[in-house]
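Colleague: Hi! Could we look through the pockets in this one together, and then a side chain I'm curious about?

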Amino acid sequence: MIVKDIHPVRLSSTVGNKPELPPKVNVSLDEGQVVEIKVDWEHVDTWKYQQKGEFEVKGKLSYKQYPRPLIEQRADPYIYLNHDGYYYFTGSHPLYDRIVLRRAKKIEDLPKVKEATVWEKHQSGIMSEHIWAPEIHYINGRWYIYFAAGDKDDVWAIRPYVLENTSTNPLEGKWVEKGQINTEFQSFSLDATTFEHQGIRYLVWAQKVNNDTISNLYIAKMENPWTITGEQVLLATPDYSWEQAGFEVNEGPAVLKRNGRIFIAYSASATDDRYAIGLLTADETSNLLDEKAWTKTAKPVFISNKKQKQYGPGHNSFTTDETGDDLLVYHARPYKQISGNPLYDHNRHARVQPLLWKSDGTPYFGVPGDVLKGKQEAVAKVEVI
């Protein structure tokens, strides 16, 4: 990410009052986008605003880099910041046989803490193979994990399931199986996620149609955290060529509510280097069960980055840093060439980087492994009146 220009900041203050410098400034990137980036401002001496006049304050752009990768061999990463101040992390275990959790007060500490196995697959029947893509949520005072699983007698009979835990700390206590989510049609289904909007809880998930050849996204209201109710609406289908590379896939939905809109990032195509992230957008006042309320961005918003050696970025989630700024959580491999089925190449590592925002209020994903280059110094001109 190359900064071509940092927009000047002009503000005023009255004599004796310290000016309030903005935490972020607008910058123009080399590809023509205008985004907001944090600034670390220098200390403002008191004498500078004790009399009328003008002065300048300098600052440096701040784009935090987290451990790269954050956690190795944890595909489909999900990070949840709870009100207790802990970040909870889960993701697909490379053996696809268990659900793991870890927690820390800081994201950069997640790689250092001990990981707990909170649930293991059944020996036979449902939930006995392909334990995939767990997500952890805290809903109405209880913990829930959404995950997908197959059957040892039919390993590709993937369906979504829910676990519940009433303990304060989800790494402790008992996880109770609430069963399979009741989708209308029995076919390959996975990547269920949930969100609340205007007092209504929704589920978004991926389900295959047309003899399990096309993976679509669907949305429905929820009666409780493990039961959907009412109409199940087609949200998105793989229309574009970049969603059809290897397989026709829309999956891995992740929801973010900002700036009067609801965004759903999703992953598309085969899980090799062609895997990419797309974006759906709806106005927050719209009927979310109306397919026409959602607009799909025509091009992918996050693709492989050869320079940083990050390939097949996808199955993302969102969280925030300690100051409330948005972060993008995703997985990617450090190489392009894969031998055999990419699902069994386990070097999809969990990664985290800042999610920026454009001047039009839409998210700017950048590229995997983004680093800040170009101009770094911001200047604020202050008029004391």
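**Pockets and a glutamine**

Modeller: Happy to, and keep in mind that this is a predicted model. Strands β6 (75-81), β10 (126-139), β14 (189-197), β18 (248-258) and β22 (311-320) each give at least two residues to the lining of the largest pocket.

Colleague: Which strand gives the largest share of that lining?

Modeller: That's β18, with five residues.

Colleague: And how much space lies in the largest pocket?

Modeller: About 580 Å³. It is lined by 22 residues, and the closest to its centre are Y78, Y80, V255, L256 and F318.

Colleague: How do the lining residues divide by class?

Modeller: For the largest pocket, 11 are nonpolar, six polar and five charged.

Colleague: OK, what about the second largest pocket, how much space is there?

Modeller: About 470 Å³. Its lining has 23 residues, with W132, F188, E251, T271 and L343 the closest to the centre. Strands β10, β14 and β18 each supply two or more of the lining residues. By class, the lining of this second pocket has 12 nonpolar, five polar and six charged residues.

Colleague: Changing topic: where is Q232 found?

Modeller: Q232 sits in strand β17, residues 227-236.

Colleague: Is Q232 buried or exposed?

Modeller: Q232 counts as buried, because its relative accessibility is 13% and the cut-off for buried is under 20%.

Colleague: What lies 3.1 Å from a polar atom of its side chain?

Modeller: The backbone nitrogen of E184.

Colleague: And which residues is Q232 in contact with, leaving aside neighbours within four places in sequence?

Modeller: Those are N182, T183, E184, F185, W205, I219 and A220.

How values were computed:
Residues are numbered from 1 along each chain as its sequence is written. This is a predicted model: local features need pLDDT of at least 70, side-chain atom pairs count only at pLDDT 80 or more; totals for chains, interfaces and linings use all residues. Side-chain values use heavy atoms; hydrogens and water are left out. On a 1 Å grid over the protein atoms alone, a cavity is a set of points where a 1.4 Å probe fits but cannot get out, and a pocket is an open set with protein on both sides within 12 Å along at least five of seven lines; lining residues have an atom within 4 Å of a point. Grid points are joined across faces, edges and corners, and a volume is the space filled by probe spheres set on the points. Helices (H or I, at least four residues) and strands (E, at least two) are DSSP runs, numbered from the N terminus. Ala, Val, Leu, Ile, Met, Phe, Trp, Tyr, Cys and Pro count as nonpolar, Asp, Glu, Lys and Arg as charged, and the others, Gly among them, as polar. Buried means under 20% relative accessible area, exposed over 50%, partly exposed in between (1.4 Å probe, protein chains only). A polar contact is a pair of N or O atoms within 3.5 Å; within protein, one must be able to donate a hydrogen and the other to accept it, and residues adjacent in sequence count only if both atoms are side-chain atoms. Contact means heavy atoms within 4.5 Å.
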